[in-house]
Amino acid sequence: MPKKDPEINVLGGTLEPCSLSPVTGYFRDGACNTCAEDQGSHTVCAVMTAEFLAYSKYVGNDLSTPRPEFSFAGLKPGDRWCLCAGRFLQAHDEGCAPRVHLEATHLRALDIIPLRVLEAHSTDAV
């Protein structure tokens, strides 16, 4: 099993869980943990919206259709999910990025996404 990077969030604190229902994360441990082998950088804890799910399906990553063969029920608006940092940034650039739970977003997301962008999409943003 790959060794996890330290569990630190983008704010410098301890990485909080993202979702256990549905179970998310590269390691399927409910957190946006990552490691060198995580080529997609599944580090952004995002709250799904209908708009983002439609966008993701349009660009080739259907997250809403159930895939029982992978024990995946499909995501719906309101679900939290560890998104690939590059996909989040792409959605941001296209104007349809979902909200982000900063305390559950891994520090490594900052390798791809500027903190100001994540903060602008924070679940705490007004």
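Q: Why is Cys 18 called buried?
A: Its relative accessible area is 6%. Buried means under 20% relative accessible area, exposed means over 50%, and partly exposed is in between (1.4 Å probe, protein chains only). So Cys 18 counts as buried.

Q: How do we know what we're looking at here?
A: This is a predicted model, where local features need pLDDT of at least 70, side-chain atom pairs count only at pLDDT 80 or more, and totals for chains, interfaces and linings use all residues. Residues are numbered from 1 along each chain as its sequence is written, and side-chain values use heavy atoms, with hydrogens and water left out.

Q: What makes Cys 18 and Cys 45 a disulfide?
A: The S to S distance is 2.2 Å, and the definition asks for a pair of cysteine sulfur atoms within 2.5 Å. So the pair of Cys 18 and Cys 45 passes. The torsion about their S-S bond is about 85 degrees, so this disulfide is right-handed. Cys 18 sits in the segment before strand 1 and Cys 45 in strand 1, so the bond ties together parts 27 residues apart in sequence. Strands are DSSP runs (E, at least two residues), numbered from the N terminus.

Q: Why is Cys 45 called buried?
A: Its relative accessible area is 0%, so Cys 45 is buried.

Q: How do you know that Cys 32 and Cys 82 form a disulfide?
A: Their sulfur atoms are 2.1 Å apart, so they meet the cut-off for a disulfide. The pair links distant parts of the chain, with Cys 32 in the segment before strand 1 and Cys 82 in strand 2, 50 residues apart. At -95 degrees about the S-S bond, this link is left-handed.

Q: What makes strand 1 and strand 2 a pair?
A: Two strands pair if DSSP finds at least two bridges between them. Strand 1 (residues 42–47) and strand 2 (residues 80–84) have five bridges, in the antiparallel sense, so they pair. Within this pairing, Val 47 stands opposite Arg 80.

Methods: Helices (H or I, at least four residues) and strands (E, at least two) are DSSP runs, numbered from the N terminus.
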